[in-house]
Amino acid sequence: MAQRGRVLVIGLDPARLEEWDPAPVQAAIVRGDARFEAYGIEADTCLVVVDEDPEGTIEAALDGGDYACVVVGGGIRGYEPLLELFEKVVNLIRVHAPDAAIAFNSSPEDSADAALRWLR
């Protein structure tokens with residue numbers, strides 16, 4: 001288990017997905033952020049756009065903090081056309097945050113719970 005510390009949540013930017021109503025996901029992200037606050041966990045969010053250098057965005061976020069855990073969102077993991085991006089995300093975490101635990105959420109709202117599985 002990683003020491004309790006800062007968490008990075010990586011997900012797709014719902015406002016930048018075509019033919020998608022971002023409002024429900026944006027609201028879930030806000031509720032998820034509130035759960036981190038309730039647990040007293042400092043958390044950063046990295047929202048990526050698939051067609052706009054997601055790897056560079058993720059690298060910059062990973063290099064921007066000392067993370068105890070990185071949560072990878074279901075939008076990146078659960079959509080077959082993004083399988084290669086998911087693999088890149090895991091490998092970027094290994095390189096840029098080698099001491100961080102890796103966790104997976106099922107929705108933006110349970111990102112704190114996913115992180116807590118790995119934080120003391």
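1. Along the principal axes, the C-alpha atoms fill a box of roughly 40 × 30 × 20 Å.

2. This is a predicted model, in which local features need pLDDT of at least 70 and side-chain atom pairs count only at pLDDT 80 or more, while totals for chains, interfaces and linings use all residues. Residues are numbered from 1 along each chain as its sequence is written, and side-chain values use heavy atoms, with hydrogens and water left out.

3. The chain holds five helices and four strands, arranged along the sequence as β-α-β-α-β-α-α-β-α. Helices (H or I, at least four residues) and strands (E, at least two) are DSSP runs, numbered from the N terminus.

4. Of the 120 residues, 38% are buried (under 20% relative accessible area, 1.4 Å probe, protein chains only). Among contacts (heavy atoms within 4.5 Å) with a separation of 6 or more, 77% join residues 24 or more positions apart.

5. Asp-13 lies in the loop between strand 1 (6-12) and helix 1 (23-39). Asp-13 is buried but forms no salt bridge (a side-chain nitrogen of Lys or Arg within 4 Å of a carboxyl oxygen of Asp or Glu); the nearest side chain of opposite charge, Arg-16, is 5.0 Å away. Beyond neighbours within four places in sequence, Asp-13 is in contact with Leu-47, Val-48 and Val-49.

Notes:
Buried means under 20% relative accessible area, exposed over 50%, partly exposed in between (1.4 Å probe, protein chains only). Lys and Arg count as positive and Asp and Glu as negative; His and the chain ends are not counted.
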